[in-house]
Amino acid sequence: MTLESLFLALDRIAGGRTAGITIPEDMRQHPRTRRSFVWITWLLAAELLIGSAAVVVAVALWLDGIEIPFAVWMRSLVVLAMTMTLFYFAWRAQRGFYWAYSRLRLFSKIFPVVTLVIAAIPGLYPLWMVTEQIIFSLILIGVADVLDSDHMREAFPKPKRAVQRAGAEFLGAGSAGADPVKAIA
């Protein structure tokens, strides 16, 4: 099994039925698309740096004898895992895979909301961890903003769903000569 076949297997798991859909090469190589992915990479690198710094702070405090709550350790590890996953999505999206763009766009909108809601729970995290979560969220909002630009939405258009004959037959349009698209509309 080659490395590329391993990535394609991961793509199939993460991307589902859209795993093989890629954007045209000219849109993938477009200067604005490439520039967007440079920004996204830098923002995710900042996320990785902030997440790593949170682990370093937690370890330093623990070594000084300060008890670190389990929630802080879990949050630190989850943030690093999430960031690595987002890097994978960004890398595959940069190679033109629609599913990866879609997942990156979705998670860069969901993760900040979840993070801010959890940060708002009184007493769950120390102040330094709450600050880290707010910065994490703001950076991810920046990633979402880049992905939601007019150019990126144009470069990664949502794939058109193929109307399945079985679905059209279910709607009563399965007879000869019937147009299944019109049957759904």
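Q: Which residues of α6 are buried?
A: The buried residues of α6 are Met129, Val130, Glu132, Gln133, Phe136, Ser137, Ile139, Leu140, Val143, Ala144, Val146 and Leu147.

Q: And what covers them?
A: The cover over the buried residues of α6 includes α3 (31-63), α4 (70-94), α5 (98-119) and α7 (150-155).

Q: Serine 76, then: which helix is it in, and what does it touch?
A: Serine 76 is placed in helix α4. Leaving aside residues up to four places away in sequence, serine 76 touches Ala54, Val55 and Met129. Met129 is itself one of the buried residues of α6.

Q: Why does serine 76 count as buried?
A: Because its relative accessibility is 2%, and the cut-off for buried is under 20%.

Q: Changing topic, which residues make the nonpolar surface patch?
A: Met1, Leu3, Leu6, Leu10 and Ile13 make a patch of about 590 Å². Leucine 6 lies in helix α1, residues 3-15, and is partly exposed at a relative accessible area of 37%.

Q: What is the mean pLDDT of the chain?
A: The mean is 84, and 86% of the residues reach 70 or more. Over residues 162-185, however, the pLDDT is below 50. That stretch has 13 contacts in the model beyond near neighbours in sequence. Where pLDDT is low, the predicted coordinates should not be read in detail.

Key:
Residues numbered from 1 in each chain as written. Predicted model: local features only at pLDDT ≥ 70, side-chain atom pairs only at ≥ 80, totals over all residues. Heavy atoms only, no water. pLDDT = per-residue confidence, 0-100. Contact = heavy atoms within 4.5 Å. Patch = residues over 30% accessible without salt bridge, like charges linked within 9 Å, V, L, I, M, F, W, Y side chains within 5 Å. Areas by Shrake-Rupley, 256 points an atom, 1.4 Å probe, with all protein chains shown as cover. Salt bridge = Lys/Arg side-chain N within 4 Å of Asp/Glu carboxyl O. Helix = DSSP H or I, 4+ residues; strand = E, 2+ residues; numbered from the N terminus. Buried < 20%, exposed > 50% of the residue type's maximum accessible area, 1.4 Å probe, protein only.
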